[in-house]
Amino acid sequence: MGTMVLVLLGNGVVANVLLKRSKAEGAGWMVITSGWAFAVMAGVFTAIACGSRDAHLNPAVTMGFAVSTGSFQKLIPYVTAQLLGAFAGAVLVWLHFHPHWKETEDAELTRACFCTSPAIRNFPMNLVSEIVGTLVLVLVVGAIFSKAVAEKGPSAGLGPYLVAALVWGIGLSLGGTTGYAINPARDLGPRLAHSLLPIAHKGGSDWSYALVPILGPLIGGTLAGVVIRVVHF
């Protein structure tokens with residue numbers, strides 16, 4: 001449920017800005033990064049309310065904390081839920097903006113409302129961008145909830161706002177290279193939805209690039225988990 005809300009609002013703001021005849025058309029990068037930050041906040045609160053104390057919306061985060069703790073028992077069930085939620089969120093985006101797909105003839109703009117693509121296509125450097133962005137995400141999330149920052153953790157209800165601010169910062173500072181997937185489920189689930197849904201003027205789903213937003217975040221999350229384990233956050 002948390003990842004569904006994340007993708008519905010996150011990809012929703014992209015569609016709002018990119019699709020033709022949307023009242024937010026052309027609103028720009030600040031609106032997109034802000035929308036994604038609020039999407040993270042809403043998704044985390046939803047996940048917690050639905051019973052998930054961890055509120056992981058991202059397989060890279062799940063992987064990072066599995067590495068840091070040495071416990072991998074949550075990895076498969078969490079990742080499965082995250083992928084299903086991301087797919088469902090993308091379907092809702094398609095439904096919500098249904099009249100606007102016909103108005104948008106640029107297939108790349110349409111695909112961007114579902115999944116990421118690089119500003120400059122360079123597989124090794126695109127991979128590095130996703131690794132760095134996700135490393136920052138998981139490392140700083142670990143720091144936010146560390147005993148060194150707050151012995152008993154952030155005040156009740158504050159954590160989702162802090163994580164949202166972090167994602168906003170990553171988007172503003174590092175997101176322009178690859179669109180900062182930093183979440184394999186956020187990219188793969190909607191990419192699958194894009195390939196399956198009857199979207200007007202739809203082009204290909206760019207599967208040749210799809211490994212980057214899967215492998216990069218998983219590598220970045222793993223590296224962050226190693227750092228957290230070594231430093232003893």
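Trainee: Which element gives the most to the lining of the second largest pocket?

Mentor: Happy to take you through it, and please keep in mind that this is a predicted model. The answer is H4, which gives 3 residues to the lining of the second largest pocket, the most from any element. The lining has 13 residues in total, and those nearest the pocket centre are Met1, Ala47, Ser52, His56 and Ala81. Two elements, helix H1 (2-18) and helix H4 (75-96), each give two or more residues to that lining. As for the space inside, the second largest pocket holds about 210 Å³.

Now let us set the pocket in its surroundings. The protein has 10 helices and 0 strands, so its radius of gyration of 17 Å can be read against the globule rule, which also gives 17 Å for 233 residues; the protein is therefore as compact as a globular protein of that length. The C-alpha trace spans about 55 × 35 × 30 Å along the principal axes. Of the 233 residues, 47% are buried. Among contacts with a separation of 6 or more, 78% join residues 24 or more positions apart.

How values were computed: Residues are numbered from 1 along each chain as its sequence is written. This is a predicted model: local features need pLDDT of at least 70, side-chain atom pairs count only at pLDDT 80 or more; totals for chains, interfaces and linings use all residues. Side-chain values use heavy atoms; hydrogens and water are left out. On a 1 Å grid over the protein atoms alone, a cavity is a set of points where a 1.4 Å probe fits but cannot get out, and a pocket is an open set with protein on both sides within 12 Å along at least five of seven lines; lining residues have an atom within 4 Å of a point. Grid points are joined across faces, edges and corners, and a volume is the space filled by probe spheres set on the points. Helices (H or I, at least four residues) and strands (E, at least two) are DSSP runs, numbered from the N terminus. The radius of gyration is taken over C-alpha atoms; the globule rule is 2.2 Å times the number of residues to the power 0.38. Buried means under 20% relative accessible area, exposed over 50%, partly exposed in between (1.4 Å probe, protein chains only). Contact means heavy atoms within 4.5 Å.
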